[in-house]
Amino acid sequence: MRSRKKICAGNWKLNKSPSDTRAFLAEWSSVAQPAEGVEVVIFPPAYDLSVFSEKAGSIKFGPQNICFAKEGAFTGEISPDVVKSMGSTYALIGHSERRTIFGESDELIAKKIQAALAAELIPMLCIGELLEERKANKTEKVLLRQLREGLALVKEHFTGAKGIVPLVVAYEPVWAIGTGLVATPEQAEEAHAFIRAQLNELIGTDDVSILYGGSVKPDNAAGLRAKPNIDGFLVGGASLKVTDFKGILGVF
Ligand code: PGA
């Protein structure tokens with residue numbers, strides 16, 4: 001059995017200019033290197049990717065969103081092929097802010113996953129339930145729909161895939177994002193185990209890194225990381241400061 005990658009990813013959202021990015025990367029490289037065997041990934045705003053192209057060092061990076069098309073009449077969009085040529089490894093797809101604020105549907109997300117794989121980017125598919133869905137005991141139903149529909153166009157990429165499966169799933173309960181209300185390790189583990197079982201059904205492998213996201217901080221990361229199905233984190237606010245992000249990396 002292949003071993004799953006451990007990943008500590010930062011989602012900067014709409015924060016940091018190119019000069020802020022240069023300062024972050026300079027500070028990052030001046031402090032001790034991360035624990036061996038953990039992949040560090042950052043998703044900066046698209047205009048900061050060129051700084052990562054030059055200065056990322058061992059950090060992997062990618063855009064927070066891509067277009068389903070690689071070029072053409074798509075005003076305001078981000079080409080998967082161009083961000084790949086800039087050195088991106090991953091593309092974040094289906095983040096809850098894209099779904100809820102910008103109206104992205106599961107159908108559109110499926111096309112973006114397909115476009116990412118066509119550009120040889122590893123899609124990091126974000127899924128997660130709203131608070132009312134959790135309260136109504138609909139968490140598993142929502143996660144299954146987001147997984148099934150998000151992966152609907154790409155099954156063939158995974159069946160019989162050799163080496164590392166080119167897919168990462170981030171479980172981010174929407175009620176935990178940016179709220180300080182982190183899921184308990186037990187709640188997160190329950191969702192991760194469910195997602196892993198469903199991936200086995202849907203794409204014939206459960207050998208996919210599944211990250212937890214939603215108010216991860218240096219002081220709550222260790223309890224989550226200890227759970228067997230939590231392979232790493234997708235960190236928003238606490239990825240903006242080198243000391244906080246390094247603190248989270250310290251629990252791997
Ligand atoms: P947060 O964001 O860590 O600030 O809650 C996580 C995310 O949105 O990916």
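This is a predicted model: local features need pLDDT of at least 70, side-chain atom pairs count only at pLDDT 80 or more; totals for chains, interfaces and linings use all residues.
## Overall architecture

The protein chain contains 11 helices and eight strands. Its radius of gyration is 17 Å, close to the 18 Å that the globule rule gives for 252 residues, so the chain is as compact as a globular protein of that length.

Among contacts in the protein chain with a separation of 6 or more, 72% join residues 24 or more positions apart.

## Burial, surface and charge

Of the 252 residues, 51% count as buried. The accessible surface of the protein chain amounts to about 11,200 Å², and carbon and sulfur atoms contribute 52% of that area.

The charged side chains comprise 29 positive and 30 negative ones. The centres of these two sets lie 1 Å apart.

Arg196 is part of helix H9, which covers residues 185-203. Its relative accessibility is 5%, and Arg196 therefore counts as buried, the cut-off being under 20%.

Two polar partners of the Arg196 side chain can be named. A polar atom of this side chain lies 2.9 Å from the backbone oxygen of Asp206, and the side chain of Asn229 makes a polar contact with the side chain of Arg196 at 2.6 Å. When residues up to four places away in sequence are left out, Arg196 touches Arg4, Asp206, Val208, Ile210, Asn229 and Asp231.

Note on methods
Residues are numbered from 1 along each chain as its sequence is written. Side-chain values use heavy atoms; hydrogens and water are left out. Helices (H or I, at least four residues) and strands (E, at least two) are DSSP runs, numbered from the N terminus. The radius of gyration is taken over C-alpha atoms; the globule rule is 2.2 Å times the number of residues to the power 0.38. Buried means under 20% relative accessible area, exposed over 50%, partly exposed in between (1.4 Å probe, protein chains only). Contact means heavy atoms within 4.5 Å. Accessible areas come from the Shrake-Rupley method with a 1.4 Å probe; for residues, only the protein chains shown count as cover. Lys and Arg count as positive and Asp and Glu as negative; His and the chain ends are not counted. The place of a charge is taken as NZ of Lys, CZ of Arg, CG of Asp or CD of Glu. A polar contact is a pair of N or O atoms within 3.5 Å; within protein, one must be able to donate a hydrogen and the other to accept it, and residues adjacent in sequence count only if both atoms are side-chain atoms.
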